[in-house]
Amino acid sequence: MSKVDVLILGASGYGGGELLRWLSVHPAVKSVRGTARSHAGKPFHAQHPNLRGLVDGAFEATPDWTSLADSAFPVVFSALPHGELARLWPEFQAEWTRLGLANKLTVIDLSTDFRLDPSWVYGLVDWKPERMKGATRIANPGCFATALQLALLPLAPWKPAFVAVTAATGSSGSGAAPSETTHHPTRATDFRAYKMLSHQHEAEVLRTLALEGWEAPLSFVPQSAPMVRGIFATAQFPLPAGIEPSALRARYEDFYKGRFFVRVVDGSPRVAATTGSAFADIGVAARHGHGAVMVALDNLGKGMAAQAVQNLNLALGLPEWTGLRVAGGYPG
């Protein structure tokens, strides 16, 4: 196939920067452009200094749809704030239809806007990945939602009576603009919970588990950890009657067999082993009738941009690791 031409909407944020990093070296990508109204005209490295000397180009104020319409394989990644793509969607669709772009354009959205919309393919790429082939509207999962679903999906046939999940995230998950609760000095030496039992990612997790036949009794408490990147989720549950502890690890190894970017590890997974990569590492433990599953991943990688590129690969019929076969930057 011909190489694709990519436009990133909202390219100045952390998600946009990660997309620029991955896509600039992707062998199936011919060109990458990015919009950021408040940074229009500035080079990409003005917001993403790690890209200096490696990724040419400058932020554009608005999308150049006419240019993208000339591409044989146009792709849009949206890294806009939550709600923004949904607001602009009618305007964009009208313009794409006018230019003959609508039916050949692949759109991958990183926000919450379309994750529960059945007309979009939900992009949890390691769950039934065959759904992605040929998809042109993909809603990328949230970072917490990715970790929780990777932890809980293998349990669906067993339907534990109760599941309690705690998950700690790094500060980059709050975006590039600091607030009182996300600013580095207020969290660098702190550890706290937030949005207890009410995080917005629960809805997509429960929807996926319900599709697997499990109305999961989920209790989820997110936590703010003193790290920049990464998520570490721990799910605890009673082992169903008749399930031996030794069966737990075997269950996860079997469920993720063939999933290149999901690794079942010995002991605890480590966030630092996944940072900067598309990998999610899973560890399991079982004793005295209780089970625990731990997931570590990079919230900007597997939890966001790297998973979005993995989705693009499968949508295009490419091997899922195309442009992504990179180890984490251990020890960080």
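Me: What share of the 332 residues in the chain is buried, and what makes a residue count as buried?

Reply: This is a predicted model, by the way. A residue is called buried when its relative accessible area is under 20%. Buried residues come to 51% of the 332 in the chain.

Me: What is the chain built from?

Reply: Eight helices and 14 strands. Seven of the strands form an open sheet with mixed pairing, in the order β9-β10-β8-β11-β14-β13-β12.

Me: What makes β9 and β12 the edge strands?

Reply: Each of them, β9 (192–193) and β12 (262–264), pairs on one side only.

Me: How do you know that β8 and β11 pair?

Reply: Pairing takes at least two bridges between the strands. Strand β8 (residues 163–169) and strand β11 (residues 231–238) are joined by six bridges, so they count as paired, and they run antiparallel. Within this pair, Val165 sits opposite Ala235 in β11.

Me: Which helix lies across β11, β12, β13 and β14?

Reply: That's α7 (residues 246–255), which runs at about 160° to β13.

Me: How many of the contacts between residues at least 6 apart in sequence join residues at least 24 apart?

Reply: In this chain, 74% of them do.

Note on methods:
Residues numbered from 1 in each chain as written. Predicted model: local features only at pLDDT ≥ 70, side-chain atom pairs only at ≥ 80, totals over all residues. Heavy atoms only, no water. Helix = DSSP H or I, 4+ residues; strand = E, 2+ residues; numbered from the N terminus. Contact = heavy atoms within 4.5 Å. Axes fitted to C-alpha atoms, helices over the stretch in contact; angles between N-to-C directions. Buried < 20%, exposed > 50% of the residue type's maximum accessible area, 1.4 Å probe, protein only.
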